[in-house]
Structures are given as C-alpha cells and as structure tokens.
Amino acid sequence: MGNLPRGRVNAARPFLRTGIDYAGPIFVRTTKGRGHRAHKAFIAVFVCLCTKAVHLEVVSDYSAEAFLAALRRFVSRRGLCEEIYSDCGTNFVGADRELKELWKHIQKMRDHFWQRWSREYIHGLAFRPKWLRGEVSPIVGSLCLIRSEATPPSKWPLTRIVKIHPGDEGIVRVVTVRTANSELVRPTVKIVLLPIATDAPLPPGTQPNRL
C-alpha cells in the first residue's frame with residue numbers, strides 16, 4: 001500500500017490543499033413564481049484534504065468559465081490554495097489551461113515592468129550631471145545599490161551605507177556598505193544612492209540624497 005499524499009497527513013490551514021469534483025446535475029430557479037423555468041446546474045464540491053471540511057458552490061454549467069467563477073467565489077471565502085486536485089474533466093482541463101495562460105501574461109507584465117524600472121528609474125538615479133550641480137554626498141544609513149557591469153540593474157544588490165571615508169579635502173569618494181552577508185568597501189562611482197523621504201530625520205550637518 002502506498003503512502004498517503006503529503007496534504008493528507010501534514011497539518012495546514014483549511015483548504016490549503018483541496019480536492020474538487022462536481023455533483024449533479026440539479027435544477028435551480030433564479031426567481032419564484034409561475035412561468036419561471038428551472039435550469040440545469042451543478043454543485044462544485046471543494047474538500048479540504050487535511051480537515052475534511054467541505055465547501056459547496058453552485059455552478060451554472062459544465063464550462064471552464066463557470067468553474068473559474070466558482071473558484072473565485074471559493075477563494076474569496078476560504079483563501080488561496082497551494083494545491084488543487086481534480087479529475088480530467090473538460091471543465092477542469094480548460095480552467096487549468098486558462099489559468100496557465102493568465103499566469104504567463106502576468107509573468108510577461110512583471111518582466112516588462114522590471115525592464116522599464118531598470119532602464120528608466122535606476123539609470124535615472126545613476127545619472128549625475130557633474131558640471132551643472134554638486135554631486136550628492138552619501139551619508140551613513142542611506143540605502144544604495146551596488147553597480148555591476150555584469151548584471152542588469154534589477155539584479156544589483158541592495159545595501160546600506162555603514163561608514164563613509166572622506167578624503168583630505170572632505171569629499172567622500174569611498175564608503176563601506178553592508179549587504180545581507182558581509183560588509184564591502186566600494187567607491188561612490190560604483191553605488192547608486194536611493195532617494196529618501198524629505199521629511200525623514202537626518203544626522204546634523206547632512207543633506208538629504210535627493211536626486
């Protein structure tokens with residue numbers, strides 16, 4: 001005898017792992033009164049694999065669109081599922097295909113957003129008009145990105161400045177930054193300062209890094 005599925009034996013919130021099937025057909029009326037005909041419908045039975053709790057939704061027909069509408073109502077009440085099990089009914093297969101297409105579209109939109117963010121926003125922060133105005137002086141506590149020619153800006157690591165190293169003339173050209181795992185010393189030309197709120201408290205004698 002094989003082992004039970006993980007969702008049947010591991011504790012989890014209700015309906016995190018769910019089985020789905022249809023019951024019916026049944027006949028329903030949308031309104032009462034003479035002359036109103038009953039319509040064939042189905043019952044979508046959602047069963048929690050961990051607690052055996054049951055959730056029922058009326059489905060207007062056997063199409064993928066009707067099942068997705070029932071699934072949206074179910075998720076709005078019970079929360080998102082980590083795993084959903086069903087048979088190979090045409091409604092479930094069609095819904096799975098539509099959800100995959102939707103997921104691909106979301107992934108495409110996400111990639112497009114990060115490409116524009118990298119190309120327009122991050123490069124805008126890195127732009128420093130040398131002769132038109134003074135460069136922004138980094139301060140301890142500022143967030144910054146470490147520039148790299150080998151990776152796109154969206155992959156640049158986020159760090160925080162923990163120490164500045166002014167030169168003899170008082171200009172900061174080297175800083176120490178803290179990453180998630182270590183501390184690094186980097187020249188200021190290799191970092192991109194992130195803007196901070198203008199009303200945030202700053203140490204005395206420092207200027208906000210507005211870009």
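Visitor: What share of the contacts in the chain between residues at least 6 apart in sequence join residues at least 24 apart?
Guide: In this predicted model, 49% of those contacts join residues at least 24 apart in sequence. A pair counts as a contact here because heavy atoms of the two residues lie within 4.5 Å.

Visitor: Which elements make up the chain, and in what order do they run?
Guide: There are three helices and nine strands. Read from the N terminus, the order is α-β-β-β-α-β-α-β-β-β-β-β.

Visitor: How much of the chain is buried, and what is its accessible surface?
Guide: Of the 211 residues in the chain, 27% are buried. The accessible surface comes to about 14,800 Å², and carbon and sulfur atoms hold 58% of that area.

Visitor: Why is Thr 176 called buried?
Guide: The relative accessibility of Thr 176 is 8%. Buried means under 20%, so Thr 176 counts as buried. Thr 176 belongs to strand E7, which spans residues 172-178.

Visitor: What makes the link between the side chains of Thr 176 and His 165 a polar contact?
Guide: The two side chains are joined at 2.7 Å. The cut-off for a pair of N or O atoms is 3.5 Å, with one atom able to donate a hydrogen and the other to accept it, and the contact of 2.7 Å therefore qualifies. His 165 is also one of the residues that Thr 176 contacts beyond its neighbours within four places in sequence; others include Arg 160, Val 162, Glu 183 and Val 185.

Visitor: How do you know that strands E6 and E7 pair, and in what sense do they run?
Guide: Six bridges join E6 and E7, in the antiparallel sense. Pairing requires at least two bridges, so E6 and E7 count as paired. Ile 164 stands opposite Val 175 of E7. E6 and E7 form a hairpin with five residues between them, and Gly 170 in the turn has a positive phi of about 85 degrees.

Visitor: Which strand is joined to E6 by three bridges?
Guide: That strand is E5, residues 143-146, which runs antiparallel to E6, residues 158-166. Cys 144 has Thr 159 in E6 as its bridge partner.

Visitor: What makes E1 a partner of both E2 and E4?
Guide: E1 and E2 (residues 39-48) share nine bridges in the antiparallel sense, and Ile 26 stands opposite Ala 41 in E2. E1 (residues 17-28) and E4 (residues 83-85) share three bridges in the parallel sense, with Arg 17 opposite Glu 83 in E4. At least two bridges are needed for a pair, so both cases meet the requirement.

Visitor: Is Phe 15 buried or exposed, and how do you know?
Guide: Phe 15 has a relative accessible area of 4%. That value is under 20%, so Phe 15 is buried.

Visitor: How many cavities of 30 Å³ or more does the structure hold, and what lines the largest?
Guide: There is one such cavity. About 30 Å³ of space lies in the largest cavity, and its lining includes Gly 7, Phe 15, Arg 17, Cys 48 and Cys 50. A cavity is so called because a probe fits inside but cannot get out.

Visitor: What lines the largest pocket, and how much space does the pocket hold?
Guide: The largest pocket holds about 500 Å³ of space and is lined by 19 residues. Phe 67, Leu 68, Leu 71, Ile 84 and Leu 99 lie nearest its centre. Helix H2 (64-78), E4 and helix H3 (90-126) each supply at least two lining residues, and the largest share, six residues, comes from H3.

Definitions and conventions. Residues are numbered from 1 along each chain as its sequence is written. This is a predicted model: local features need pLDDT of at least 70, side-chain atom pairs count only at pLDDT 80 or more; totals for chains, interfaces and linings use all residues. Side-chain values use heavy atoms; hydrogens and water are left out. Helices (H or I, at least four residues) and strands (E, at least two) are DSSP runs, numbered from the N terminus. Buried means under 20% relative accessible area, exposed over 50%, partly exposed in between (1.4 Å probe, protein chains only). Accessible areas come from the Shrake-Rupley method with a 1.4 Å probe; for residues, only the protein chains shown count as cover. On a 1 Å grid over the protein atoms alone, a cavity is a set of points where a 1.4 Å probe fits but cannot get out, and a pocket is an open set with protein on both sides within 12 Å along at least five of seven lines; lining residues have an atom within 4 Å of a point. Grid points are joined across faces, edges and corners, and a volume is the space filled by probe spheres set on the points.
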